[in-house]
Amino acid sequence: MTRVSPTAVIDGIGSCLPPRVLTNEDVRRRGVLDTTDEWIRTRTGIARRRAAEDDISTGDLAVAAARAAQESAEARADLVLVATTTPDRRCPATAPEVAQRLGLGTVPAFDLAAVCSGFLYGLTVATALIRTGVCTRPLVIGAETYSRIIDPLDRDTAVIFGDGAGAALLRAGDRAEPGAITGTDWGSDGTGSDLISIAAGGARLPDPARRLCREDHYFRMRGREVYGQAVRRMTASSLAVLDKTGWPPAAVGAFIGHQANQRILDSVADRIGIAPRCRFGNLRDVGNTAAASIPLALADTAAHRRVRPGTRTLLTAFGGGLTWASVALTWPAAGPRAHPPEPRSTNSTKPRHTHRRTPSWTLSTTTS
Ligand code: COA
């Protein structure tokens, strides 16, 4: 008897959106931007997005989305991967604390930085880990709070980005099951690293408080050049993964592309040959949520039962780096769950100064 080689199967889907809604008019007024609701809707397809309140972090959104994914699968993860451009802190990674807050004990946990391709990079890594037996139930989370790194006065980015998180819990399974990942493709091109970047805060410009201006801390994007690259790379990567999987484009019944701009998504789908009725997403309501974009679209589409489990599905993404990735899978059977953000307790958000002795009364309040 031939043994079917195991692959990863999406077993649970979760999402979390912060409650505060920013309309196009809110964004225009806040930055006194020379733009209009009409321009933003017609040029990007975005009508509104979410913005996390000051006390809600990327980790808080990630924990809620991950908890929802675990409930959806009725199972617990044995590895946590957080794809994000907006980690809670530069050090350490956000993932270990997310794992601890989920009550997962000492499971391996790490962040992955591939900007808007992060979630599909994460699915690719998780699939390989399952296939090689390194873990059995990886949790892949895409979580972002771009509201913290966007310059409200920059109309190239302020009108596009939003906050949110989505997660998928995977397990080992076979290719015939709904939710099975049947092919992956990924790549990068560092010659385009300046097209999408934050100048300060890394090893190249590490001393912002004294030498750099506030502008250097903001996310910057050369929109028009990124647009061209996004269309080209997502199209090529999509065709590559379909080729590896052996699916002709006409066989694809569900397409979700990274929700950067509706015109980009339509252009990619047109070039691949995906019919309009097979294109799904919620860009209009959430904007570009970077690494959270694909899982939020998956969760929204699944919640509205728009796609039948088992339908051949194509996911594709493009982001800073430059990076890109595509995943072929069959539509999962999982019923998605959504949770509100889970802010950390006030005590644990306070920085600890280890060079000072902590008075005993502080310790007792922390643990109560
Ligand atoms: N409001 C009003 N007008 C704007 C504007 C805004 N927010 N942004 C640009 N414009 C103007 C420009 O000044 C230009 O005017 P002109 O014709 O008088 O010179 C015109 O609109 C077209 O500018 P252009 O830069 O070609 O716009 P665009 O259609 O490319 O849209 C972006 C700009 C940023 C929305 C678009 O390039 C984009 O979505 N880029 C990719 C984003 C992306 O994929 N990110 C993924 C990686 S995270």
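Biologist: Why is strand β4 (residues 79–83) said to be largely enclosed by the rest of the structure?

Modeller: In this predicted model, 5 of the 5 residues of β4 are buried, so the strand is largely enclosed by the rest of the structure. Buried means under 20% relative accessible area with a 1.4 Å probe, protein chains only. A strand is a DSSP run of E of at least two residues, and a helix a run of H or I of at least four. Residues are numbered from 1 along each chain as its sequence is written. Since the model is predicted, local features need pLDDT of at least 70 and side-chain atom pairs pLDDT 80 or more, while totals for chains, interfaces and linings use all residues; side-chain values use heavy atoms, without hydrogens and water.

Biologist: Which residues of β4 lie on each side?

Modeller: L79, L81 and A83 are on one side, and V80 and V82 are on the other. Both faces are covered, as these residues are all buried.

Biologist: And which strand does β4 join over 5 bridges?

Modeller: That partner is β6 (residues 138–145), and the two strands pair in the parallel sense. Pairing requires at least two DSSP bridges between two strands. Within β6, V140 stands opposite L81.

Biologist: How many bridges join β4 to β5?

Modeller: There are 4, and β5 (residues 109–112) runs parallel to β4. A83 has L112 of β5 as its bridge partner. Together with helix α4 (residues 95–101), β4 and β5 make a right-handed β-α-β unit. Right-handed means that, with the strands pointing away from the viewer, the path from the first strand over the helix to the second runs clockwise.

Biologist: Changing topic, how much space lies in the largest pocket?

Modeller: It holds about 1200 Å³. A pocket is an open set of points on a 1 Å grid over the protein atoms alone where a 1.4 Å probe fits, with protein on both sides within 12 Å along at least five of seven lines; lining residues have an atom within 4 Å of a point. Here 37 residues form the lining, and T85, P87, R90, I198 and A200 are the closest to the centre.

Biologist: Which strand supplies the largest share of that lining?

Modeller: Strand β9 (residues 196–198) does, with 3 residues.

Biologist: What about the second largest pocket: how much space does it have?

Modeller: About 620 Å³ lies there. Of its 28 lining residues, D156, I160, G223, R224 and N261 are the closest to its centre. Helix α8 gives the most to this lining, with 6 residues.

Note on methods
Grid points are joined across faces, edges and corners, and a volume is the space filled by probe spheres set on the points. Buried means under 20% relative accessible area, exposed over 50%, partly exposed in between (1.4 Å probe, protein chains only).
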